[in-house]
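User: I'd like to learn how to read side-chain and helix packing in a model. Could you take me through one, feature by feature?

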Amino acid sequence: MIYTNNYESPLGSILLAGDEEGLTGLWFTEGSRYSGLGLKKDASPREMDYFDQAKKWLDIYFTGRDPGFFPKMHLVGSDFRNRVGEIMCGIPYGKTVTYGWIADQIAKERGIEKMSAQAVGGAVGHNPISIIVPCHRVVGSNGSLTGYGGGIMRKKALMELEGIDMSQFTIPVKGTAL
């Protein structure tokens with residue numbers, strides 16, 4: 001069974017989703033490419049401990065502080081997408097990495113010479129637990145703020161909230177990230 005809950009953030013309404021194991025989704029409800037992706041129509045509103053944990057995490061985060069913990073999560077997806085999600089969870093608050101850096105980490109783990117940064121981009125772009133699994137901290141190798149399903153301006157706002165120096169980044173004029 002899938003359960004849902006809601007959270008009002010300074011950047012807009014957020015839909016939370018989860019199953020018996022933990023949080024499976026967190027999306028901005030407006031202006032988001034993948035809001036509610038994969039939710040079945042029989043998902044039902046319900047209070048769950050992990051929703052309380054996620055809301056506490058978000059309350060702390062939106063004050064501009066590192067929450068220092070993760071709510072109980074259940075990464076649902078392919079092994080590759082889940083591994084990308086795990087790597088993103090290791091990106092420190094206030095820091096960024098590139099898609100290529102994540103690709104290099106996976107290539108090393110698999111003992112292969114090269115992994116596609118575009119494949120990583122696809123996994124990052126379909127991250128179902130935005131903000132908490134910090135896909136907004138992943139940027140293009142040229143400093144471009146690409147690939148945020150919640151909208152490029154939200155990505156920028158989240159990075160600014162974390163105190164990231166935005167002078168090193170550019171916002172693309174056209175593309176799928178907008």
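**Reading the packing**

Analyst: Let's start with a charge over a ring: Arg46 lies over the face of Tyr3, at 4.6 Å from the ring centre. The label applies if NZ of Lys or CZ of Arg is within 6 Å of the ring centre and within 35 degrees of the ring normal. Arg154 has its charged end over the ring of Phe28, 4.1 Å from the centre of that ring. Before we go on, this is a predicted model, where local features need pLDDT of at least 70 and side-chain atom pairs count only at pLDDT 80 or more, while totals for chains, interfaces and linings use all residues. Residues are numbered from 1 along each chain as its sequence is written, and side-chain values use heavy atoms, with hydrogens and water left out.

User: Next, ring against ring. How many aromatic pairs does the structure hold?

Analyst: A pair of aromatic rings is described by the distance of the centres and the angle of the planes. Rings of Phe, Tyr and Trp (its six-membered ring) pair if their centres lie within 6.5 Å; planes under 30 degrees apart are stacked, over 60 edge-to-face, and the rest tilted. The structure holds 4 such pairs. Take Tyr50 and Phe51: their ring centres are 4.8 Å apart and their planes at 65°, so this pair is edge-to-face. Both Tyr50 and Phe51 are buried (under 20% relative accessible area; exposed is over 50%, partly exposed in between, with a 1.4 Å probe and protein chains only).

User: What about the rings of Trp57 and Tyr61?

Analyst: Their centres are 5.1 Å apart with the planes at 10°, so Trp57 and Tyr61 are stacked. They sit 4 residues apart in helix 1 (residues 49-61), a separation of about one helical turn. Helices here are DSSP runs (H or I, at least four residues), as are strands (E, at least two), numbered from the N terminus. Trp57 counts as buried at 4% relative accessibility, and Tyr61 is buried too, at 0%.

User: Which residues do ring pairs link into a cluster?

Analyst: Trp57, Tyr61, Phe62 and Tyr93. Tyr93 also turns up in the surroundings of Gly64: leaving out residues up to four places away in sequence, Gly64 touches Tyr93 and Leu161. A contact here means heavy atoms within 4.5 Å. Gly64 is in the loop between helix 1 and helix 2, and with a relative accessible area of 30% Gly64 is partly exposed.

User: Now helices. How do the axes of helix 3 and helix 4 cross?

Analyst: Two packed helices are described by the angle between their axes and the distance between the axes. Axes are lines fitted to C-alpha atoms, for helices over the stretch in contact, and angles run from 0 to 180 degrees between N-to-C directions. For helix 3 (residues 99-110) and helix 4 (residues 117-125), the axes come within 8 Å and cross at roughly 105°. Helix 3 and helix 4 are therefore roughly perpendicular (65 to 115 degrees; under 35 is roughly parallel, over 145 roughly antiparallel, the rest oblique).

User: Which residues meet there?

Analyst: From helix 3, Tyr99, Gly100, Ile102, Ala103 and Ile106; from helix 4, Ala117, Val120, Gly121 and Val124. They divide into 7 nonpolar, 2 polar and no charged. In this scheme Ala, Val, Leu, Ile, Met, Phe, Trp, Tyr, Cys and Pro are nonpolar, Asp, Glu, Lys and Arg charged, and the others, Gly among them, polar.

User: And how does helix 2 cross helix 4?

Analyst: The axes of helix 2 (residues 79-89) and helix 4 come within 9 Å, crossing at roughly 80°. That pair, therefore, is roughly perpendicular as well. Phe80, Arg81, Val84 and Met88 of helix 2 make the contact with Ala119, Val120, Gly122, Ala123 and Val124 of helix 4.

User: Where is Ile131 placed, and what is its phi?

Analyst: Ile131 is in the loop between helix 4 and strand 6. Its phi is near 70°, a positive value in a residue other than glycine. Ile131 is buried, with 0% relative accessible area.
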